[in-house]
Amino acid sequence: MAMKEVWNNLGKSARTGLIAGVLFILVGLVVAVWMLRTEYQVLFSELAPQDAGAMVAELDRMKVPFKLGDNGTSILVDKDQVHQTRIKLMSKELPLHGTIGFELFNNTDFGMTEFAQKINYQRALQGEITRTILGLSEIQSARVHLALPEEGLFKRASSVPKASINLSMKRGQVLRAEQVNGIQRLVSAAVPGIAVADVTIVDQHGIALTRNARGDGDSDGAGGVGRLELKKETEKYLNRKVIAVLDRTFGAGQAMASVDVTLDMDQIRITTEDVLAPPAKNGQASTGTMVRERETLREGAAPLDAKAAPAGGSSQRDIEYSVGRRIENVVAAPGAIRHINVVAVVSKPLDSAQLERISSLVAAAAGASTERGDTVVVQPLAALGAGVDGDTQFAPTGEGPDATLKSTFAAKEMDGKSIPAAMQQVNSTLISLLLGLILIAVVGVFWWRSRTSDATVQAPLSEQQKQAMLQQLRDWMQEKPAAATTGER
């Protein structure tokens, strides 16, 4: 009530000033809150839980205010401190991605045992390799495991070192075969003693991305899958080369080809050892290089090189020669082509000379060789005319089986015209028929509307009808004033 009495006692100007002051104070508070508010900006995004935990702990130590976004996968800080905070965090050498590198040895404990040092070295090496692999834009996370055999002064390792890598790809990203091979070579070069074939890479679904390069796997295992993929890739590559030649010769879609390759997947080692004699001098026979000579004389014997005949006794001379030796080890890698079968079908008729030239071109494109026993078959097809049911029949023009063939590729010959031309002609005929039907429908509509309008128009009035209508109008006008006069009375 006191406030109401005060308000009633105020004059009009005082009331206006009070209201203006209150509004000014409220507007000032709103502006101050808006100007003093913190505008957050993303510091790091798409973080793993372990990385987000490490960064949040470090930000708490640094007394930097932050917020979490995107369900904890993003960290936001004040817009004015983004770059400064990011640089400070990167200089802290945090164990990001759940790994730690060679910074593990920054604070070395001199009382550490040799076994602990080896374990730390292995951890640091795995962490450094993981960081390098994560530099690829397609990879979201990675884990590296190194299996290093134990070695010692009086103990030799009985197994070879190996590496296994698990990769998690980003959404919609896939590693190419060249990238997988590059990761294998990277690990092989970073860890001493690891061969490229001993690095196994799998994705987040457990599917192996690497092949059994040694070729010692079972036919039903990874080695068999690698051989089948190599066969498919080789056939696809040769098929593309043959199709390119045929398309340039006959036009696109006028020929098709199929290539079957038999690969030699056996790894062959050939060791050749030759004896090298020194060059002969003065026409003498090549006897090698003398290393040691020993001569034994008995009583009454003269040296073997003496001109005088021995008086009695015996002598013996042993001469040891050494010759050179050359050893060559030739290793034939698996994957060599053992046999090639090429079949090409052409939609146009060819004579014998043209057939021979096209066969030579296809053989050269596929790398087929008659000395190796490869087979190249080029089968042209020619139109025999329309059959009883109207379908076009095709038969081979060159030597071969007498069976009637029907072309299965897109560009057949049909009455001297290809299928695209025939389809175009059919489409034009249909369009003409549709236009004719539309025109007939329009003319019919106009004719029907004209008949309807003519039926609704009345015929002109005759003179008698006009006079009758005028007389009726006069009678109606005369009756109306009379009715009005009667009403007034």
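**View 1. An open sheet of three strands, ordered β1-β3-β2, pairs antiparallel.** The edges belong to β1 (40-44) and β2 (66-69), each of which pairs on one side only. Ignoring direction, neighbouring strands here are turned by 40° against each other on average. Keep in mind for this and every other view that we're looking at a predicted model. Between β2 and β3 (residues 74-78), which run antiparallel, there are four bridges. Look for G69 too: its bridge partner in β3 is S74. Lying across β1 and β3 is helix α4 (residues 82-90), which runs at about 20° to β1.

**View 2. A nonpolar patch sits on the surface.** Helix α2 (residues 12-36) supplies the largest share, eight residues. L23, for one, is in helix α2.

**View 3. R131 and E128 form a salt bridge, 3.8 Å from N to O.** The two are three residues apart in helix α5 (residues 114-133), so about one helical turn separates them. R131 counts as partly exposed because its relative accessibility is 31%, and E128 is partly exposed at 25%.

**View 4. K231 and E235 meet in a salt bridge at 2.8 Å, N to O.** Both are in helix α7 (residues 222-250), four residues apart, or about one turn. K231 is partly exposed at 26% relative accessible area, while E235, at 16%, is buried.

View 5. Across the whole structure, the search turns up eight salt bridges.

Note on methods. Residues numbered from 1 in each chain as written. Predicted model: local features only at pLDDT ≥ 70, side-chain atom pairs only at ≥ 80, totals over all residues. Heavy atoms only, no water. Patch = residues over 30% accessible without salt bridge, like charges linked within 9 Å, V, L, I, M, F, W, Y side chains within 5 Å. Areas by Shrake-Rupley, 256 points an atom, 1.4 Å probe, with all protein chains shown as cover. Salt bridge = Lys/Arg side-chain N within 4 Å of Asp/Glu carboxyl O. Pairing = 2+ DSSP bridges. Axes fitted to C-alpha atoms, helices over the stretch in contact; angles between N-to-C directions. Contact = heavy atoms within 4.5 Å. Buried < 20%, exposed > 50% of the residue type's maximum accessible area, 1.4 Å probe, protein only.
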